[in-house]
Structure formats: structure tokens, C-alpha cells
Amino acid sequence: MDYTLAEYKSEEYENLGFELVKERLIQIGYPKEISSFKYKPTFPVRGLWWDSLHGNMLKVDGFGNILFCCHGLKFLKADQISVKHPNKFLQLDDSRIYVCNTLFNLPEIYLLACLVDFFQNHQDYKEVRD
């Protein structure tokens with residue numbers, strides 16, 4: 001997608017992307033309960049880092065300092081962040097971090113947050129580590 005070639009109706013485009021990916025996840029075996037997720041365009045912001053090790057979304061400044069962090073739909077307090085990131089600093093590591101830096105990542109950010117929240121709080125699922 002390229003904003004220089006087309007003008008998008010952002011909220012409609014983001015909602016469509018969110019719904020299509022959600023449907024695909026159900027097709028490949030995710031629980032049907034995720035169909036109840038509704039896109040909230042006010043939640044995600046551009047420039048978040050997805051930490052696949054801890055399942056957190058991080059807003060990081062240009063030096064790697066963590067400005068805020070959320071796990072699922074829950075924003076973490078400073079002491080909770082320090083448990084996973086003791087000095088509130090994180091280096092960009094392509095094997096662990098995915099940078100969501102375009103407007104096209106916004107539905108993806110919110111869907112990841114919804115999925116983490118769903119699995120973290122659902123009694124039928126428990127966290128496992130490799």
C-alpha cells in the first residue's frame with residue numbers, strides 16, 4: 001500500500017484488515033470466541049515494538065528506553081515492566097522484536113493485544129515456554 005498512489009479511508013480499511021485476519025485465524029484453528037473481538041481504532045499507535053519473547057507491546061524512544069508497555073490490553077506499571085526489562089531498556093533484536101512502524105500495522109497491533117489478553121485470561125489456556 002502506498003499513500004502516494006491512493007487515499008485510504010483509514011478506519012474502514014483498518015477494520016476490514018482486522019476482520020479478515022480474525023476470520024483467517026479461526027479458519028486455521030484459533031478458537032471461535034475470537035470472532036467477538038471488535039476493532040478499536042483509538043488503541044494502537046504507530047511505532048510500537050512487539051516483543052515476541054514476553055508478548056508485550058512496547059513504545060520505545062530512539063535510544064531504546066521503554067516509555068510504556070502493555071501486555072494484552074493491560075498497560076503495565078513501572079515495577080511490572082522492570083521484572084521483564086530490569087533497566088527499562090531494550091535493544092532492537094530482529095529475532096525477538098518486530099517493529100510496527102506503519103499505519104498498516106495498526107489493526108495487527110490491536111489484534112495481537114486482543115489475542116494475548118484472550119489467551120492470558122482464558123481458563124482453558126495456560127502459558128508454556130520452550
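This is a predicted model: local features need pLDDT of at least 70, side-chain atom pairs count only at pLDDT 80 or more; totals for chains, interfaces and linings use all residues.

Which residue just after helix 1 takes a positive phi? I found Gly 29 there, with a phi of about 120 degrees.

Residues are numbered from 1 along each chain as its sequence is written, and side-chain values use heavy atoms, leaving out hydrogens and water.

**Helix 1.** I take helices (H or I, at least four residues) and strands (E, at least two) as DSSP runs, numbered from the N terminus. I checked the length of helix 1 (residues 10-27): at 1.5 Å a residue its 18 residues should span 26 Å, and its end C-alpha atoms are 26 Å apart, which agrees. The expected span is 1.5 Å times one less than the number of residues.

Next I looked for its buried residues (under 20% relative accessible area; exposed is over 50%, partly exposed in between, with a 1.4 Å probe and protein chains only). I got Glu 14, Phe 18, Lys 22 and Leu 25. They cover an arc of only 65 degrees around the axis, so they sit on the same side of helix 1; the arc is that of the directions from the helix axis to the C-beta atoms. These buried residues pack against helix 3, and the face turned away from them carries the exposed Glu 12 and Gln 27.

**Strands.** I count two strands as paired if DSSP finds at least two bridges between them. Strand 1 (residues 48-51) pairs antiparallel with strand 2 over four bridges, and Asp 51 has Asn 56 as its bridge partner. The hairpin they form has four residues between the strands, with Gly 55 in the turn at a positive phi of about 75 degrees.

Strand 2 (residues 56-60) has four of its five residues buried. Five bridges join it to strand 3 (residues 66-71), again antiparallel, and Leu 58 is partnered with Cys 69. In this second hairpin, Gly 64 in the turn has a positive phi of about 95 degrees.

**Cysteines.** I searched the whole structure for disulfides (cysteine sulfur atoms within 2.5 Å) and found zero. For Cys 69, the nearest cysteine sulfur is that of Cys 70, 6.4 Å away. Cys 69 is buried, at 1% relative accessibility. The sulfur of Cys 114 is 11 Å from its closest cysteine sulfur, in Cys 70, so that is too far for a bond.

Conventions
Contact means heavy atoms within 4.5 Å.
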